[in-house]
Amino acid sequence: MNAMSNTTALQDHFEVTTLISGLFRTMDERRFDEGWAGAYFTDDLRTTTPLGVAEGADAVRHMEEAVGRFAATLHVSSDVLVQAEPGARTAQVSWNAHMTHLHLDSTLRARGETANPLFTVGGSYKGELRRTDSGWRISDMAVRAVWTTGEPPVLPEEAATRVAELTGARH
C-alpha cells in the first residue's frame with residue numbers, strides 16, 4: 001500500500017468510525033428531529049434486527065421506536081473494521097457494540113418489584129456503506145445479539161416471540 005492509499009484508508013476509517021459513534025450518540029440522546037437520519041443513512045437503508053427486516057423510512061421509524069421502548073440507553077461501539085478499496089464508492093464495515101437499556105417505569109411496574117431495570121446486549125453489527133456527496137452513509141445494517149442479560153422490553157406479542165427465539169439460549 002502506498003502512502004496515498006494508506007492516507008485514504010485512514011481517512012475512511014476515521015469518517016466511518018465517527019459516523020457510527022455519531023449514530024449511537026444521536027440514538028442515546030434521542031435527537032430525532034426531522035431529517036436526522038440523512039446524516040447517517042442512505043434513503044434506501046435496509047436494517048436487520050431480531051425484530052425483522054425493514055427498509056427506507058420504515059427502518060428509521062423502527063429504530064426510533066426501539067429506543068423509545070426504554071427510559072434511557074447507552075450504546076458503545078468498538079473494534080470498527082472498514083474494508084474499502086481506496087477511492088471506492090462502497091465499503092463493508094463491522095463493529096462490536098455493548099448496548100445498555102434502562103426499562104421504562106411502566107415496564108418495571110408491570111413486572112413487579114423484583115424486576116431488573118436493565119436489559120443489556122453484547123452484539124455485533126455488519127453493514128454496507130456508500131460514499132455520497134455528503135460523505136459515508138450506511139445503506140445496509142444488521143445487528144446480531146451475541147449475549148443478553150435481563151429481560152427485553154415489553155413488545156407486541158409477535159415481536160416478543162421472535163426475540164425470545166433468537167436470544168433465549170444466550171442468557
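## The sheet

Strand 1 (residues 41–49) and strand 6 (residues 135–149) run parallel and are joined by 4 bridges. Here strands (E, at least two residues) and helices (H or I, at least four) are DSSP runs, numbered from the N terminus, and two strands pair if DSSP finds at least two bridges between them. Within this pairing, Arg46 has Asp140 of strand 6 as its bridge partner.

This is a predicted model, in which local features need pLDDT of at least 70 and side-chain atom pairs count only at pLDDT 80 or more, while totals for chains, interfaces and linings use all residues. Residues are numbered from 1 along each chain as its sequence is written, and side-chain values use heavy atoms, with hydrogens and water left out.

## A hairpin and a helix

Follow strand 3 into strand 4 (residues 90–103) and you meet an antiparallel pair with 11 bridges. Gln83 stands opposite Gln92 of strand 4. The hairpin has 6 residues between these strands, and Gly87 takes a positive phi near 80° there.

Contact means heavy atoms within 4.5 Å.

Where does Gly122 sit? Its place is in strand 5 (residues 118–132), and Gly122 is buried at a relative accessible area of 5% (buried is under 20%, exposed over 50%, partly exposed in between, with a 1.4 Å probe and protein chains only). Leaving aside neighbours within four places in sequence, the contacts of Gly122 include Ala97, Met99 and Trp147. The C-alpha atoms of Gly122 and Met99 are 6.3 Å apart, although 23 residues separate the two along the chain.

Arg69 is in the loop between helix 2 and strand 3. Arg69 is buried but has no salt bridge, and Glu65, the nearest side chain of opposite charge, is 4.5 Å away. Lys and Arg count as positive, Asp and Glu as negative; His and the chain ends are not counted. Beyond neighbours within four places in sequence, Arg69 touches Leu51, Leu104, Pro153, Val154 and Leu155.

## Salt bridges

How many salt bridges does the structure hold? There are 7, each a side-chain nitrogen of Lys or Arg within 4 Å of a carboxyl oxygen of Asp or Glu. One of them joins the side chains of Asp44 and Arg130 (2.9 Å, N to O). Asp44 lies in strand 1 and Arg130 in strand 5, so the pair ties together parts 86 residues apart in sequence. Asp44 is partly exposed at 44% relative accessible area, and Arg130 is partly exposed at 30%.

Arg61 and Glu65 also meet in a salt bridge (3.1 Å, N to O). Both lie in helix 2, 4 residues apart, about one turn of the helix.

## Confidence

The protein chain has a mean pLDDT of 90, and 88% of its residues reach 70 or more; pLDDT is the predictor's confidence in each residue, from 0 to 100. Confidence is highest in strand 4, at 98, and lowest in helix 4 (residues 157–167), at a mean of 64.
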